[in-house]
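Please look over the sequence and the structure below before reading on.

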Amino acid sequence: LLQRVYTQNVDGLERESGIVPEKVVEAHGTYLAATCSDCEARYEGLTRKDVGQHLLQIPPTCTQCGKGMIEYD
């Protein structure tokens, strides 16, 4: 019976494989959630495709305020 999954990966593959988020401990954070450095808008439930689109902008810019940088959790 799985109690916990400890991972150093930031890609969220454990969640995509079907492990419930409550059992996953991401030691270095994840790219699946982010916060704007300016307006503090939250981006939750991001997919790897979403992250790829954000990273096309250097630096990744908030889509809500248009000026803050997206910082991944």
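In which sense do strand β3 and β5 pair, and over how many bridges? Strand β3, residues 34-36, and β5 pair in the antiparallel sense, over three bridges. The model is a predicted one: local features need pLDDT of at least 70 and side-chain atom pairs count only at pLDDT 80 or more, while totals for chains, interfaces and linings use all residues. Residues are numbered from 1 along each chain as its sequence is written, and side-chain values use heavy atoms, with hydrogens and water left out.

**Overall make-up**

- The chain has two helices and five strands; helices (H or I, at least four residues) and strands (E, at least two) are DSSP runs, numbered from the N terminus.
- Read from the N terminus, the order of elements is β-α-β-β-β-α-β.
- Along the principal axes, the C-alpha atoms fill a box of roughly 45 × 20 × 15 Å.
- Of the 73 residues in the chain, 30% are buried; buried means under 20% relative accessible area, exposed over 50%, and partly exposed in between, with a 1.4 Å probe and protein chains only.
- The chain exposes about 5000 Å², of which carbon and sulfur atoms supply 51%; accessible areas come from the Shrake-Rupley method with a 1.4 Å probe, and for residues only the protein chains shown count as cover.
- Taking contacts between residues at least 6 apart in sequence, 32% join residues at least 24 apart; contact means heavy atoms within 4.5 Å.

**The sheet**

- An open sheet is formed by three strands in the order β4-β3-β5, with antiparallel pairing; two strands pair if DSSP finds at least two bridges between them.
- The edges are β4 (42-43) and β5 (70-72), and each has a single partner strand, so one side of each is left without a neighbour in the sheet.
- T35 stands opposite E71 in β5.

**Cysteines**

- The structure holds zero disulfides, a disulfide being a pair of cysteine sulfur atoms within 2.5 Å.
- C39 is in no disulfide, and the nearest cysteine sulfur, that of C36, is 3.7 Å away.
- C65 is in no disulfide either, and the nearest cysteine sulfur to C65, again that of C36, is 3.7 Å away.
- Both are partly exposed: C39 has a relative accessibility of 37%, and C65 has a relative accessible area of 28%.

**Residues in loops**

- E40 lies in the loop between β3 and β4.
- The phi angle of E40 is near 65 degrees, which is a positive value in a residue other than glycine.
- E40 counts as exposed, because its relative accessibility is 61%.
- T30 is found in the loop between β2 (24-26) and β3.
- T30 is buried, because its relative accessible area is 9%.
- Apart from its neighbours within four places in sequence, T30 is in contact with V10, Y72 and D73.

**A residue in strand β2**

- V25 lies in strand β2 and is partly exposed, with a relative accessible area of 32%.
- V25 and V5 are 20 residues apart along the chain, and their C-alpha atoms are separated by 6.0 Å.
- Not counting residues up to four places away in sequence, V25 touches R4, V5, Y6 and T7.
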